[in-house]
Amino acid sequence: RLQRVLDALEVSPAIVKTPTWDVVAWNRAAAAVLTDYAALAPEQRNILRLMFLDPRVRAAQFDWEHVARFVVAAFRADAARAGAGAEVTSLVDELSRMSPEFEAMWRDNDVRTYGDGVKRLRHPVAGPIAFEYSAFAVDGRPDLAMVVYNPASPADVDQVRTLMESPPHK
């Protein structure tokens, strides 16, 4: 059911994530614009790991530090709300060992809700793309949330369509 909803969002990249921010479902637009999750091993499909450990994801952010701080604070809120204790501790320990930046941001204890806002990417092929994003709870599944990124302008829609029509990039 959720995959059909994602697939119906033709030019809006959309993902479903767990409280530990593992991406468990995505649509074609997300694979073309954000990350080709199918090309990653399941344990690598984690937004925090990608944000802090993948140089391509880091380079795609207009203001990486601001985005990374937001991601850590929103992750902290999601994890607390879901009560995902042991899984969160394991992920935080791993990221703290691998990224001094993550460790410092985690120690700040900042908490924010994900909600909605604007996401700007510096895509390696298409260049700048802007999205308005919204996060939604999945009814009956408190362990899942869906995030939808709607292209912010007709030009952004065109860029998403172009990326979806082109072969996957590395």
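Residues are numbered from 1 along each chain as its sequence is written. In this predicted model, local features need pLDDT of at least 70 and side-chain atom pairs count only at pLDDT 80 or more, while totals for chains, interfaces and linings use all residues, and side-chain values use heavy atoms, without hydrogens and water.

Colleague: How is H5 oriented to H7, parallel or oblique?

Modeller: The axes of helix H5 (residues 64-82) and helix H7 (residues 100-107) come within 10 Å and cross at roughly 55 degrees. Axes are lines fitted to C-alpha atoms, for helices over the stretch in contact, with angles from 0 to 180 degrees between N-to-C directions. Angles under 35 degrees count as roughly parallel, over 145 as roughly antiparallel, 65 to 115 as roughly perpendicular and the rest as oblique. Therefore H5 is, relative to H7, oblique.

Colleague: Which residues of H7 meet H5?

Modeller: Contact means heavy atoms within 4.5 Å. From H5, Trp64, Glu65, Ala68, Arg69, Val72, Phe75 and Arg76 take part. Their partners in H7 are Glu101, Phe102, Met105 and Trp106.

Colleague: Which residues of H7 are buried?

Modeller: Buried means under 20% relative accessible area, exposed over 50% and partly exposed in between (1.4 Å probe, protein chains only). On the face of H7 turned away from its buried side lie the exposed residues Pro100 and Arg107. The cover over the buried residues includes helix H3 (47-53), H5 and helix H6 (85-98). The buried residues of H7 are Phe102, Met105 and Trp106.

Colleague: Is Pro55 buried or exposed?

Modeller: Pro55 is found in helix H4 (residues 55-60). Because its relative accessibility is 62%, Pro55 counts as exposed.

Note on methods: Helices (H or I, at least four residues) and strands (E, at least two) are DSSP runs, numbered from the N terminus.
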